[in-house]
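Here is a short note to read with the model open beside you. Take the points one at a time and find each place on the screen as you go.

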Amino acid sequence: MAVAELSSSLKTELNFSSNSLFHSNRFFADHRRCSFRPFHRSRTSRVTCSINQVEAAPVAAKTEDPKSKSECYGVFCLTYDLKAEEETTSWKKLINISVSGAAGMISNHLLFKLASGEVFGPDQPIALKLLGSERSFQALEGVAMELEDSLFPLLREVVISIDPYEVFQDAEWALLIGAKPRGPGMERAALLDINGQIFAEQGKALNAVASPNVKVIIVGNPCNTNALICLKNAPKIPAKNFHALTRLDENRAKCQLALKAGVFYDQVSNMTIWGNHSTTQVPDFLNAKINGLPVKEVIKDHRWLEEEFTEKVQKRGGVLIEKWGRSSAASTAVSIVDAIRSLITPTPEGDWFSSGVYTTGNPYGIANDIVFSMPCRSKGDGDYELVNDVIFDDYLRKRIAKTEAELLAEKRCVAHLTGEGIAVCDLPGDTMLPGEM
Ligand SMILES: NC(=O)c1ccc[n+]([C@@H]2O[C@H](COP(=O)([O-])OP(=O)(O)OC[C@H]3O[C@@H](n4cnc5c(N)ncnc54)[C@H](O)[C@@H]3O)[C@@H](O)[C@H]2O)c1
């Protein structure tokens with residue numbers, strides 16, 4: 001490049017930079033008054049944009065010529081001149097929700113549920129901070145465009161980036177979905193390592209920039225061990241705040257019991273998934289209830305419960321992949337919504353829900369220092385407590401021991417990512433399903 005060209009290019013860059021800064025500051029002032037920020041494209045590989053949404057009240061939209069603002073994007077170029085008194089006073093304080101793997105299939109369902117208000121409520125404005133991989137960045141822009149076109153009043157801000165430190169800034173919820181799929185012939189140990197590294201990095205980023213009480217739901221597989229890696233790399237965040245998603249398994253188990261008993265699935269309660277989100281998981285029919293009665297009193301076919309039911313739930317994901325040609329996305333998104341709702345609304349009296357949580361001093365005698373799915377209850381404050389009144393029999397104990405052994409082996413296999421020394425991979429058999437566990 002000729003010197004003259006170079007200097008002109010640099011000038012343009014500098015102009016762009018100071019221009020962006022100017023817009024940023026100006027709009028930030030607007031943000032404080034009106035609770036929104038405009039799109040801003042930085043010169044790095046990251047793009048940050050913020051959706052401007054306004055309350056339903058008709059307000060004059062002050063538009064500048066979109067073409068004159070090269071850094072803004074579609075609707076983000078509009079600056080709505082809301083008067084302070086027109087602010088929606090009934091809305092709660094905005095919450096920051098970070099989602100990784102935001103251009104993936106699960107997120108494609110989940111983000112629209114979050115933005116619509118069906119998860120956090122119709123008076124809860126949200127900011128969505130979306131993390132993608134370098135490869136999926138363009139698709140992430142497509143996601144932002146679709147969110148933009150959906151005109152969700154509660155969606156106040158959208159950030160898209162490939163930098164977890166940017167996306168997790170002040171996150172109050174982190175929904176970690178992005179992970180590499182298990183390729184054909186890939187060893188489980190290799191998957192644990194590849195995805196473990198992603199979750200180690202994201203744990204560090206959460207530790208550095210997220211809200212200290214951020215609630216983290218790990219969906220990307222193998223989710224229990226990814227959750228363990230993530231929490232070990234985020235020592236400032238309480239280990240109790242990390243969850244591995246086993247709610248889809250709980251939902252699947254409820255559905256199978258309802259089908260067998262000939263009742264609608266809302267009659268099935270107290271369903272625990274014990275252990276790993278893998279084919280060693282234990283759907284607990286001993287403690288589950290149908291119409292308030294123990295399952296074994298309603299379904300007399302105990303052979304079906306022990307053999308067919310358990311295997312059906314364990315392998316449901318694999319069967320679905322065979323039918324669909326891809327892993328479950330919509331029902332997974334629904335189960336993430338269920339998992340969040342279970343933490344922000346009080347658990348109905350006598351019932352519980354399943355979540356993969358950190359084992360420390362649990363009442364069931366399960367090994368400490370792993371992430372294990374167990375029965376939980378919540379007061380609706382984002383926290384949970386373990387349920388005490390569950391019973392065990394030999395069948396249940398034997399099955400639980402198997403899934404526990406698998407998780408302990410997975411833990412040894414990722415010791416290099418949890419700061420616990422040299423990894424030793426002695427995984428017991430290949431129990432996970434390809435593509436989904
Ligand atoms: N726990 C469960 O119940 C459950 C159920 C279904 C699927 N899953 C798992 O969820 C994960 C995502 O499933 P999907 O169907 O949405 O997959 P997908 O392949 O459609 O999407 C994953 C996205 O994550 C992105 N990604 C990869 N690495 C990333 C990183 N380091 N940071 C940010 N983004 C990254 C990819 O580019 C892709 O866009 C998979 O690991 C899958 O096995 C878990």
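1. How many bridges join S15 to strand S16 (residues 385-386)? Two bridges join them, and the strands run antiparallel. Strands here are DSSP runs (E) of at least two residues, helices are DSSP runs (H or I) of at least four, and both are numbered from the N terminus. Two strands count as paired if DSSP finds at least two bridges between them. One place to look is Arg377, whose bridge partner in S16 is Glu385.

2. Before going on, please keep in mind that this is a predicted model: local features need pLDDT of at least 70, side-chain atom pairs count only at pLDDT 80 or more, and totals for chains, interfaces and linings use all residues. Residue numbers start from 1 along each chain as its sequence is written.

3. S15 has another partner to look at. Strand S14 (residues 353-358) pairs with S15 in the antiparallel sense, over six bridges. Ser354 stands opposite Pro375 in S15. Strand S15 (residues 371-377) is largely enclosed by the rest of the structure, because six of its seven residues are buried. Buried means that 20 or more other C-beta atoms lie within 10 Å of the residue's own; exposed means 12 or fewer, partly exposed is in between, and C-beta atoms are placed from the backbone.

4. Now for the whole protein. Its secondary structure comes to twelve helices and 16 strands. Of its 437 residues, 43% are buried.

5. Among the buried residues of H5 are Arg188, Leu191, Phe199 and Leu206.

6. Helix H2 (residues 105-116) is the place of Phe112. Phe112 counts as partly exposed because it has 17 C-beta neighbours inside 10 Å. From Phe112 to Gly132, 20 residues apart along the chain, the C-alpha atoms are separated by 17 Å.

7. Finally, find the ligand. Around it are 29 residues, of which Gly101, Gly104, Ser136, Gly178 and Ala179 come nearest. A residue counts as near if its C-beta atom, placed from the backbone, lies within 6 Å of the molecule.
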